[in-house]
Amino acid sequence: MGFKVAIVGATGNVGREMLNILEERGFPADEIVPLASRRSVGTEVSYGDKTLKVKALDNYDFSDTDICLMSAGGSVSKEWSPKIGKQGCVVIDNSSAWRYDQDVPLIVPEVNPDAISLYTRKNIIANPNCSTAQMVVALKPLHDAARIKRVVVSTYQSVSGAGKEAMDELWAQTKGKYVPGQEVEPKKFPKQIAFNCIPQIDVFMEDGYTKEEWKMLAETKKILDPKIKVTATCVRVPVFVGHSEAVNVEFERQMTVAEARSILREAPGVMVVDKREPGGYVTPVEAAGEFATYVSRIREDATVDNGLVMWIVSDNLLKGAALNTVQIAETLVNRKLLRKAA
Ligand SMILES: NC(=O)c1ccc[n+]([C@@H]2O[C@H](COP(=O)([O-])OP(=O)(O)OC[C@H]3O[C@@H](n4cnc5c(N)ncnc54)[C@H](OP(=O)(O)O)[C@@H]3O)[C@@H](O)[C@H]2O)c1
């Protein structure tokens, strides 16, 4: 017998990818229930060759649902995840609402799968921020080999990371630049995103960093190692799907480029594409739609002891969100941690 799975936010960017991935990877589901806001009741979403009708989250009874994949933002999750968890259904949440709660495991299955057992405290498991997820997948095997002391990361994040309205804004603003009278003012973003880069993702904190930058620091520590120092600059770029990161890493001992390449070639979830010639690296356009996290441009950073620089690219809607969520659900099933609901 398979499981009953609910998807909250099934009409969104991430929710639709979750439906695709559950079907594509053959997740043992007997029933899939797509949920969203009241606005979307009756909307149709695809699950393999089936079409499912969306129901409203309001008043949905989760007592016979085994897993809820939650992808409807922080405030919906704050309100609903504890209620759903109390009904005996395990929530895997995509928002930042629970990531820093010490009773909630924050999981990237390639990195810290053993931490998952903590989920019984609240019946909630958190999925990390998209930029953190792809970075820790690449850093984990290198950390195991040579202990990472410090990471300096600059991100180039696509607009899909801000939801479907953000994608619409980039599209409309880009077209509007060419059609007189159809200019589109910034609404989702603090400045024009078309043909531009915006060095602000999420709100500003007191120390001048943004919340997105703070998330990368806090989540890397929680998932990988609290001793690693991280400083980040997160930038929104006019790319639809796929986040890129330039990452400088300092190790405790020397790590040569050749050693890093050979470790990363064996690492789960990682693909090394690193030819030192024009086009011998991966860009977001190629990473979109792929499950892998790509590492390119691996080279020595001679300005520090034991330093390497690399370029890490992944599909933010997949490894950064929907794929990681489904992998967490698979981990629960494979480790026989999931009990069938009544
Ligand atoms: N995109 C990424 O790269 C990424 C990565 C990691 C994490 N996340 C997180 O994943 C979540 C969803 O992101 P997204 O990009 O899929 O956003 P999105 O495209 O804007 O979709 C939002 C979804 O949430 C639903 N929703 C909104 N308010 C609701 C309510 N009151 N009750 C029930 N459902 C409600 C929407 O339903 P309606 O269509 O009915 O409004 C829609 O299905 C966010 O928490 C985001 O931070 C996203």
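**A buried threonine, an exposed proline and a helix pair**

The side chains of threonine 155 and glutamine 157 are joined by a polar contact of 2.8 Å (a pair of N or O atoms within 3.5 Å; within protein, one must be able to donate a hydrogen and the other to accept it, and residues adjacent in sequence count only if both atoms are side-chain atoms). This is a predicted model, in which local features need pLDDT of at least 70 and side-chain atom pairs count only at pLDDT 80 or more, while totals for chains, interfaces and linings use all residues. Residues are numbered from 1 along each chain as its sequence is written, and side-chain values use heavy atoms, leaving out hydrogens and water.

Let's stay with threonine 155, which sits in strand β9 (residues 148–157); strands are DSSP runs of E, at least two residues long, and helices are runs of H or I of at least four, both numbered from the N terminus. Threonine 155 has a relative accessible area of 1%, so it is buried (under 20%, with exposed over 50% and partly exposed in between; 1.4 Å probe, protein chains only). Beyond its neighbours within four places in sequence, threonine 155 has contacts that include Met216, Cys234 and Glu245, contact meaning heavy atoms within 4.5 Å.

Now for proline 278, in the loop between β12 (270–272) and α7 (284–287). With a relative accessible area of 82%, proline 278 is exposed. From C-alpha to C-alpha, proline 278 and threonine 155 are 22 Å apart in space, and 123 residues apart in sequence.
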